[in-house]
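Open the model in your viewer and keep the selection tool at hand. The stops below say what to pick and what is there.

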Amino acid sequence: MRNNLVGRKRATQKNLVGYLFCSPFIFFTLVMWIYPFLWGIIISFKKWNLISPRQTWVWFNNYLGVLKDPLLWLMVRNSIYFMVVFITLTTITSLGLALLIKQIPKKYAGFYITGFLLSYVSSGVAYSMVFNLLFAGDGLVNNFLKTVGLKVDWFINPRIAMASIALIVCWKFTGYYGLFFLAGLNNINPTLYEAAVIDGANAWQRFIKITVPLLNATFVMIIVFATITSFNLFTEPYMITNGGPMNATRTMMLEIYHRVFALLQAGYGSALAVVSAIITFAFVWGFRKLIERDDLYDA
Amino acid sequence: MPRGKKLKMPLIYLVLTTGLFLSIFPYLWMVLSSFKVSGEIFTRFWPSKLTLSNYAFILQGGTGQERNFVGSIVNSLIITIIPTISVVFFGMLTAYALRRLKVRGYRYFENIIIYQMLFPGVLFLIPLFLMMRDWGMINNYSGMILRYLIDPWAIFIYIQFFKTIPESLLEAARIDGASEIKIITRIMLPLSKTTTAIVILFTFMARWGEFLWPLIVNKNYDKMPLSVLLALFTKGEYKTYPGVQMAGATLLTLPIVVLFLVFRRYFEEGISFTGLKG
């Protein structure tokens, strides 16, 4: 009886201290998440130039404007183009990297992992500046290609500008995603491969039937990351192409920035932000439906 | 088969080393170019002579523009270090309250944290800017810092780690009369070295390289972090100064590379449970 009472008193005290410790986080969530989230939605239903006290309700007009603007669909297309190139390239490079590193002794693996991760820590502004010069018309890459009689207008040709940006973002993420694939590979039970070898499966069959399905969680995670990256692209096109040539690298983030902070169209920009979040969610949801499996080899 | 086996390992090392070279090459070129005279940047890989003039130019603020790059490095450090310390502190505090003290409704809080991590940041950009403006925080440090003082991701990975600590350890400390704060600083903090190293590394990297947010909330050249000042400088007056640009890019890259090399052990250890950082 007495014990029970002490226990309850302790629990109350724990709760009090706990809420005290949590209170900054709760306050922060209310002020920096819930409030701006609601306000952002409200602004998207208004016409407002950020400065004047006049904020007129225009309800769904901003959304209609966003959806009617052919630029929206061009931006979505740009992001999908980026996404396809980026996901294909990074999956090949980072999975390849993980598969190779898995086969070398641990003492050398650390050296290679560290080396490949160096590109990941580079900041967007810095590496955009470097690649802008490397891939310039008379830059080092083209000087090298000239020796075999080629010249590529990396960021100038509207048809490949977005792919070039995908290429440099892939440069950044290869080591990082490779590390996730490596962690996934290390989680696969080696006896599965041994059993498959006994059953006479060749290397390709083992890869397709064991490695790929058992890396499902890693694939899902990386594709979700990559999708979010694709629709949130800002620094690279801002630094290198400014959305050009001919809007080929214009992304929704660039457009939101331009609309709100150059044209002062707070309502339109907010509506575009909401639309962009919905599109991103839709793609993430779709990809997960498409590839996520949680019943692998359960039986 | 034996001959194929013999060739396999050298081939793996060859591919890996080529990849490694491609991965490091832009850095190598950046650093070399920052020491080149302007005529050699596009024409030679190895400079024929080294010069410090690019660095001198940038650190003196450019010609006639008086852009304070030394000051911008200090600005970057301010808006990086304060959030990093704060994120670690509140991350531990909140995770401890939720996972170890298990306050009533802690599962709801944990769900909120996961939603916060996955929520698209684009929705907050405009309203947060307006809030900063209304609170008079445009063009000063607080506007650039405030929204980053608490990071749900850090709380999340501290929760993941705190799950693994046995309750008996904490009970023993409580019986000895240790307060909850003491338990955090004396027991939890030393135990979570790896987690803290990861939180510090990722937060430092994110804040140091941050571009869009400080670009929006600060137009004052004297308060600009290095990333923004360098970007405006490169897109503006100094488009045709590649050597100077590369000197700036080197200055922007160097601190995170050093920090990464110091913390790299933790980076690899912790990757399995940092799962949710894009």
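Which hand does the crossing of H3(B) and H7(B) have? The crossing is right-handed; a crossing counts as left-handed if the near helix is turned anticlockwise from the far one by less than a right angle, and as right-handed if clockwise.

Some ground rules before the selections. This is a predicted model, in which local features need pLDDT of at least 70, side-chain atom pairs count only at pLDDT 80 or more, and totals for chains, interfaces and linings use all residues. Residues are numbered from 1 along each chain as its sequence is written, while chains are lettered from A and ligands numbered from 1 in the order in which they are written. Chain B averages a pLDDT of 86, where pLDDT is the predictor's confidence in each residue, from 0 to 100.

**Stop 1: H3 and H7 of chain B.** Select residues 69-100 (H3) and 152-162 (H7) of chain B. Helices here are DSSP runs (H or I, at least four residues), numbered from the N terminus. The two pack at an angle of about 50°, with their axes 8 Å apart. Axes are lines fitted to C-alpha atoms over the stretch in contact, and angles run from 0 to 180 degrees between N-to-C directions. H3(B) and H7(B) are therefore oblique to each other (under 35 degrees is roughly parallel, over 145 roughly antiparallel, 65 to 115 roughly perpendicular, and the rest oblique). Among the residues that meet are B:Gly91 and B:Tyr96 in H3(B) and B:Tyr158 and B:Phe162 in H7(B).

**Stop 2: H12 of chain B.** Select residues 226-235 of chain B. Eight of the ten residues in this helix are buried, including B:Leu226, B:Ser227 and B:Phe233. A residue is buried if 20 or more other C-beta atoms lie within 10 Å of its own, exposed if 12 or fewer, and partly exposed in between, with C-beta atoms placed from the backbone.

**Stop 3: B:Leu123.** This residue is found in helix H5 (residues 122-134) of chain B. B:Leu123 is buried because 20 other C-beta atoms lie within 10 Å. Leaving aside neighbours within four places in sequence, B:Leu123 is in contact with A:Phe37, A:Gly40, A:Ala273, A:Val274 and A:Ala277. Contact means that the C-beta atoms of two residues, placed from the backbone, lie within 7 Å.

**Stop 4: where the chains meet.** Show both chains: 72 residues of chain A are in contact with 62 residues of chain B. On the chain A side, helix H1 (residues 2-43) gives the most, with 18 residues.
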